[in-house]
Amino acid sequence: MIELQHFSIGYKENSLLHEVNATIKKGQLTALIGRNGTGKSTLLRAIAGLNRCYSGKIILDGHDIACMKTEDMAKTLAVVTTERTRIANLRCKDVVAIGRAPYTNWIGRMQPQDREIVMRSLSSVGMEAYAGRTMDKMSDGECQRIMIARALAQETPVILLDEPTSFLDMPNRYELCSLLARLAHAEGKCILFSTHELDIALSLSDRIALIDTPVLHCLPTSEMIRSGHIERLVQQCRRTIRPRERDREIHAKRLTFLSGNTSDAMRVSQKVFGTLVFVVRHVVYFDTSHISTPFPVTSAFETVMDFPV
């Protein structure tokens with residue numbers, strides 16, 4: 001479990017979070033969302049003990065991280081970063097075995113029980129058949145699964161992931177986050193991951209932690225949807241962003257809810273709206289099929305963004 005007590009963090013005069021009190025529970029998958037630059041990665045780094053420039057307390061599994069030794073942190077928390085990992089000439093099982101470092105002796109020698117844990121971790125993410133392969137010959141989705149297996153081999157109650165779906169296509173994004181949800185529920189782990197995939201966060205996560213600077217709203221997913229916090233955040237985007245191609249026409253029926261073709265909706269949205277990543281991924285939640293087609297992009301943008309959450 002992760003607890004933030006009177007937690008504040010920022011850079012110089014820029015306050016990202018102020019006097020936050022929040023709890024991330026074990027046995028649940030929690031998505032950390034928010035606009036770019038609001039401090040998602042900064043918060044994760046602070047929880048991981050990599051950024052000590054904050055006030056207040058961070059409690060991991062009942063212990064204040066300010067008082068924890070490095071070896072204790074390694075047995076309490078595992079981190080999966082957003083960087084692409086390509087390790088040539090190192091087998092997947094050897095990469096996963098790195099997670100056993102906190103438990104091996106001073107020369108890092110693996111014991112039979114450590115090897116068993118490594119193979120069990122690979123099996124948990126469906127990658128046991130890849131144990132002897134090297135990561136430089138694997139896809140991004142497969143490599144990300146290996147890094148999650150490495151975190152599982154570390155056998156920590158808390159796992160942090162910084163945008164784990166980056167570089168992945170739509171099917172792999174859902175598959176990976178479904179895996180995280182299963183691991184959280186089946187193994188009772190506290191899993192917190194940051195993401196810009198609002199559709200994934202709302203459909204697969206148990207709880208949503210939304211950064212609306214300088215506040216952190218942390219609620220069950222159903223309550224977050226009803227709270228209006230997400231709608232207000234999108235309205236802020238609406239006041240500051242406008243589509244660049246105002247004369248292009250698209251078919252509204254292709255911007256549909258998840259029961260429709262989300263992949264097409266994302267592709268069309270990104271083509272039309274360009275860099276409106278956060279807004280576009282919010283738009284796919286709304287069924288705009290009742291709007292006559294085709295219609296100008298300006299109307300599409302204004303009409304869709306007027307829909308309630």
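By class, what lines the largest cavity? The lining has five nonpolar, four polar and four charged residues. This is a predicted model, where local features need pLDDT of at least 70, side-chain atom pairs count only at pLDDT 80 or more, and totals for chains, interfaces and linings use all residues. Residues are numbered from 1 along each chain as its sequence is written, and side-chain values use heavy atoms, with hydrogens and water left out.

**Cavities**
- Three cavities of 30 Å³ or more turn up in the structure; a cavity is a set of points, on a 1 Å grid over the protein atoms alone, where a 1.4 Å probe fits but cannot get out.
- The largest cavity holds about 100 Å³ of space, a volume being the space filled by probe spheres set on the points.
- Its lining (residues with an atom within 4 Å of a point) comes to 13 residues, with Glu 83, Arg 84, Thr 85, Asp 140 and Gln 144 nearest the centre.

**Helix α4**
- Helix α4 (a DSSP run of H or I, at least four residues) covers residues 112-124 and reaches 18 Å from first C-alpha to last, close to the 18 Å expected at 1.5 Å a residue, taken over one less than its number of residues.
- Buried here (under 20% relative accessible area, 1.4 Å probe, protein chains only) are Asp 114, Ile 117, Val 118, Ser 121, Leu 122 and Ser 124.
- Down the axis of α4, those buried residues fall within an arc of 160° (directions from the helix axis to the C-beta atoms), so they line one face.
- Pro 112 and Glu 116 are exposed (over 50%) on the face turned away from the buried side.
- Just after α4, Gly 126 has a positive phi of about 70°.

Definitions and conventions:
1 Å grid on protein atoms, 1.4 Å probe; cavity = no way out; pocket = protein on both sides within 12 Å on 5 of 7 lines; lining within 4 Å. Nonpolar A, V, L, I, M, F, W, Y, C, P; charged D, E, K, R; others polar. Helix = DSSP H or I, 4+ residues; strand = E, 2+ residues; numbered from the N terminus.
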